[in-house]
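Biologist: I have a model open and want to learn how to read it. Can we go feature by feature?

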Amino acid sequence: MKFKAMTAIAALLLAPVAFAGGADDDTLVLNGDTDMTTKAAAPAHLDGALDEVISGWHFRSDETQALQMDDFENQGMIFVDQALDVWNTADGSEGKACADCHDDPESSMVGVAATYPKWNEEAGELRTVQMQVNDCRVNRMGADAWKYDAGGAVAMEALINSVSRGMPVNVAIDGPAAEYWEKGKEIYYTRYGQLELACASCHEANYGNYIRADHLSQGQINGFPAYRLKNAKLNGVHSRFKGCIRDTRAETFSAGSDEFIALELYVKSRGNGLSVEGPSVRN
């Protein structure tokens, strides 16, 4: 009886309360001078699962969209400014700041966010931006590693992303990264929790519809880190993954776990061709 009840709840959640009409046709121009690619042909590795990849910006209200279009209105840029102060401040036993090795982020970090997660040959592992930052902090600065997806870590990721806005996402999924990509794909299509929902249940099969008063997007992560109006703070993508899996009433993985690193690579690759937008503004 309990299983039947949960199945009925899942069916109710998956049935659109109202059809939202899909993504709008608005154009995202950042600060009046940077054209952003928010719709693109789906990459070949999606094997026809989608014909077109669409930024989550198109699924938000006009008011929320407008906040992201102007850096003075985008609350996420507050955290970018905070991270820039940290960038120029010495920390750790070596007495070094990020700027001592990398000068200013506008010159040294351009294009970085578009290619991460990426395979690090020297370390023999797939690394996210936050992992790479922590490696620098520990091994070059002699500073403590930041907690994943929290405080300084997610703010610094937002700073690094901000200087690549407008550049196309282009993460590599071949070579040593292929194993992680396959693992991420498996997680994406696995049904979790009492509600037996997969990422694909909402973001592939039902995007454009309303579920529980939320207008479902394709779940693209080219806009992360994202300032969410819901909790009035900057959110990393692993935190968003946790929230989604939690909402299926399942035990979730941890931010920075191997599972979420693999899932980040897979989901990021689904948006290859879209512009880097982070920090974006979302509900």
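Modeller: Start with Cys-101, which is partly exposed at 42% relative accessible area. Buried means under 20%, exposed over 50%, and partly exposed lies in between (1.4 Å probe, protein chains only). This model is predicted: local features need pLDDT of at least 70, side-chain atom pairs need 80 or more, and totals for chains, interfaces and linings use all residues. Residues are numbered from 1 along each chain as its sequence is written, and side-chain values use heavy atoms, without hydrogens and water.

Biologist: How many disulfides does the structure hold?

Modeller: A disulfide is a pair of cysteine sulfur atoms within 2.5 Å. Here there are 0. The closest cysteine sulfur to that of Cys-101 is in Cys-136, 7.3 Å away, so it is too far for a bond. Cys-202 is in no disulfide either; the nearest cysteine sulfur, in Cys-244, is 7.5 Å away.

Biologist: Is Cys-202 buried or exposed?

Modeller: Cys-202 is buried, at 17% relative accessibility.

Biologist: What is the order of the strands in the open sheet?

Modeller: Strands (E, at least two residues) are DSSP runs, numbered from the N terminus. Two strands pair if DSSP finds at least two bridges between them. The 3 strands of this open sheet run in the order E10-E9-E11, with mixed pairing. Strands E10 (233–235) and E11 (280–282) are the edges, each pairing on one side only.

Biologist: Which way do E9 and E11 run, and how many bridges join them?

Modeller: E9 (residues 226–228) and E11 run parallel, joined by 3 bridges. Arg-228 has Arg-282 of E11 as its bridge partner.

Notes:
Helices (H or I, at least four residues) and strands (E, at least two) are DSSP runs, numbered from the N terminus.
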